[in-house]
Amino acid sequence: MKAQMKFQKWMCLVMLIAGALGLLYAFCYMTGSLSELGQNINPGTTHTSKFTAKQGLNDALLYDDIQGFNTLMMYFGIAMILLAVVLYITASNKRRNYYVSNYVATGLCAGGNIVMSLVCLIMNASWRSEFLKVDFESWKAFNESGVELGLITETHYGDSTAWFDVGFAVYAIIIVASVLLVLNLIWKIMLMKGEKQLLSNSVVSGGETV
């Protein structure tokens with residue numbers, strides 16, 4: 001039981017860190033190539049792309065379109081942290097015996113994290129696909145010609161999908177942590193049943209002795 005209690009303590013901390021990681025990733029999502037893409041939007045009440053994309057390809061306005069998903073990830077990150085906090089509120093990190101509140105907290109935390117991570121993985125893959133449809137050729141040509149003509153002082157161009165790819169790792173880590181939390185619960189239940197059986201046998205043995 002001692003090893004399991006140490007493990008449950010670490011798992012509650014891991015879930016808190018995992019939630020913070022999800023929120024941090026959301027804050028970083030619009031950096032890198034997406035940030036460079038956003039620099040190519042004309043300022044004003046009516047946003048338009050500074051470069052004209054070929055038919056069927058995306059332009060700089062994809063930066064605006066993806067904002068909703070980024071906001072959703074931030075809400076999910078906050079929810080993940082709050083679900084991890086519930087583990088501490090129900091003392092799931094230090095109780096020798098788990099009660100209904102601990103089962104509920106663990107189920108909500110693990111289940112919620114897995115569902116939210118799967119949603120983010122699917123949507124991130126979809127937006128990554130949309131980013132790869134950006135007319136990079138027109139974008140790059142516009143930036144290079146702007147520098148040559150002296151219209152802009154620096155280029156804002158980037159075709160790296162690095163931050164999209166990081167998301168797959170982040171949410172995979174959260175899912176793995178959630179599965180481990182469930183396995184911790186199963187381990188706890190098995191040990192609790194073992195202790196109960198041992199106590200029951202001890203009582204019976206003591207009664208026979210008397």
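Residues are called buried under 20% relative accessible area, exposed over 50%, and partly exposed in between, with a 1.4 Å probe and protein chains only. The structure is a predicted model, in which local features need pLDDT of at least 70 and side-chain atom pairs count only at pLDDT 80 or more, while totals for chains, interfaces and linings use all residues. Residues are numbered from 1 along each chain as its sequence is written, and side-chain values use heavy atoms, with hydrogens and water left out.

The protein chain has seven helices and two strands, where helices (H or I, at least four residues) and strands (E, at least two) are DSSP runs numbered from the N terminus. Their order along the sequence is α-α-β-β-α-α-α-α-α. The radius of gyration of the protein chain is 25 Å, whereas a compact globule of 210 residues would have a value near 17 Å; the radius is taken over C-alpha atoms, and the globule rule is 2.2 Å times the number of residues to the power 0.38. Along the principal axes, the C-alpha atoms fill a box of roughly 100 × 25 × 25 Å. Buried residues make up 36% of the 210 in the protein chain.

Helix α7 spans residues 162-209 and contains isoleucine 186. This isoleucine 186 is partly exposed because its relative accessible area is 41%. Together with Val176, Val179, Leu180, Val182, Leu183 and Met190, Ile186 makes a nonpolar surface patch of about 570 Å². Patches consist of residues with over 30% relative accessible area and no salt bridge, like charges being joined within 9 Å and nonpolar side chains (Val, Leu, Ile, Met, Phe, Trp, Tyr) within 5 Å. Accessible areas come from the Shrake-Rupley method with a 1.4 Å probe, and for residues only the protein chains shown count as cover.

Aromatic pairs in the whole structure number 11. Rings of Phe, Tyr and Trp (its six-membered ring) pair if their centres lie within 6.5 Å, and planes under 30 degrees apart count as stacked, over 60 as edge-to-face and the rest as tilted. Phenylalanine 131 and phenylalanine 136 form an edge-to-face pair, because their ring centres are 5.4 Å apart and their planes stand at 75 degrees. Phenylalanine 131 is buried at 0% relative accessible area, and phenylalanine 136 is buried at 16%. The rings of tryptophan 139 and tyrosine 157, with centres 4.9 Å apart and planes at 65 degrees, are therefore also edge-to-face. This pair links distant parts of the chain, 18 residues apart: tryptophan 139 is in helix α6 (residues 136-149) and tyrosine 157 in the loop between α6 and α7. Tryptophan 139 is buried at 0% relative accessibility, whereas tyrosine 157 is partly exposed at 26%. Ring pairs join a cluster that includes Phe131, Phe136, Trp139 and Tyr157.

Five salt bridges were found, each defined as a side-chain nitrogen of Lys or Arg within 4 Å of a carboxyl oxygen of Asp or Glu. Aspartate 135 and lysine 54 form one of them, with the closest N and O atoms 3.9 Å apart. Aspartate 135 lies in the loop between α5 (100-131) and α6, and lysine 54 in the loop between β2 (48-49) and α3 (62-65), so the bridge ties together parts 81 residues apart in sequence. Aspartate 135 is buried at 3% relative accessible area, while lysine 54 is partly exposed at 41%. A salt bridge also joins the side chains of aspartate 165 and arginine 128, at 2.8 Å from N to O.
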